[in-house]
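Biologist: Could you take me through this model, please? I would like to begin with the strands and then turn to the ligand.

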Amino acid sequence: MELMELLTGRRTYRRFLQKEIEPCIIDEILHAARLASSAANKQPLSYVVIRNAQKVEEVFRCTKWAGYLPPEDGQPKEDEKPVLFIAVIENTDMNPNCDTDAGLAIGNMTLAAWNRGVGSCIIGACDKTKLSEMFGLTKDQKLHTVVAFGYPSHKSSISDAENPDEIKYFLDENRDYVVPKRKTEDVVTYL
Ligand SMILES: Cc1cc2nc3c(=O)[nH]c(=O)nc-3n(C[C@H](O)[C@H](O)[C@H](O)COP(=O)(O)O)c2cc1C
């Protein structure tokens with residue numbers, strides 16, 4: 001895919017087909033994370049891959065989806081759930097301030113996924129205490145986010161936010177996501 005097309009299509013997806021993601025695609029997603037820039041090249045991130053169906057369900061139960069929508073619209077239903085999670089772990093003994101590293105790695109992962117038609121949802125709203133216990137994290141490890149993956153069963157597109165304050169995503173008449181983005185001229189200053 002051409003880069004701008006890839007960036008435009010790489011939206012957040014919250015409903016998925018119940019179809020497994022091929023192991024070679026999972027490998028590619030993880031390799032993409034590894035390619036990301038890292039402050040002082042410390043590479044303080046590690047990853048937990050959750051692909052066993054029962055474990056995926058356990059992680060899913062710790063996650064919250066689409067805070068702007070009522071749960072009946074935003075929370076994936078039984079046959080819409082993601083089939084894979086990748087947890088992003090900060091190893092704080094290597095670098096305690098690695099939020100930017102994590103963002104870059106997540107950006108690479110979600111793009112690499114979308115390049116293969118796999119949609120994703122970055123999940124910050126999750127029970128980090130419970131998940132850290134489930135993943136066996138040590139005192140020097142901090143759960144940054146979990147990223148959900150799957151082949152999407154809906155579309156998502158951006159719209160221009162006519163009012164810069166109206167940024168809440170919504171579902172259109174086809175239950176596809178529409179994500180208002182502030183216009184370039186509203187967020188850029190030239191000196
Ligand atoms: C750091 C971060 C945390 C997020 N946490 C959640 C979350 O807990 N649940 C969710 O449904 N979406 C979550 N999202 C997805 C955002 O809601 C989504 O990126 C935003 O609505 C814009 O949509 P887009 O990704 O299609 O541009 C998160 C995104 C980021 C970057």
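Modeller: Three strands form an open sheet with mixed pairing, in the order 5-7-6. Strands are DSSP runs of E of at least two residues, numbered from the N terminus, and two strands pair if DSSP finds at least two bridges between them. This is a predicted model, in which local features need pLDDT of at least 70, side-chain atom pairs count only at pLDDT 80 or more, and totals for chains, interfaces and linings use all residues. Residues are numbered from 1 along each chain as its sequence is written, and side-chain values use heavy atoms, leaving out hydrogens and water.

Biologist: Which strands stand at the edges?

Modeller: Strand 5 (156-161) and strand 6 (170-171) do; each has a single partner strand, so one side of each is left without a neighbour in the sheet.

Biologist: In which sense do strand 6 and strand 7 pair, parallel or antiparallel?

Modeller: Strand 6 pairs with strand 7 (residues 177-182) in the antiparallel sense, over two bridges. Leu 171 stands opposite Tyr 177 in strand 7.

Biologist: Now the ligand. What does Thr 12 do there?

Modeller: A polar side-chain atom of Thr 12 lies 2.6 Å from an oxygen atom of the ligand. For Arg 10, a polar side-chain atom lies 3.4 Å from a ligand oxygen atom.

Biologist: How much of the ligand does the protein bury?

Modeller: The protein buries 70% of the 620 Å² that the ligand exposes when taken alone (Shrake-Rupley method, 1.4 Å probe).

Biologist: Which strand gives the most to the shell around the ligand?

Modeller: Strand 3 (119-123) gives the most, with three residues.

Terms used: Helix = DSSP H or I, 4+ residues; strand = E, 2+ residues; numbered from the N terminus. Polar contact = N/O pair within 3.5 Å; in protein donor to acceptor, adjacent residues only side chain to side chain.
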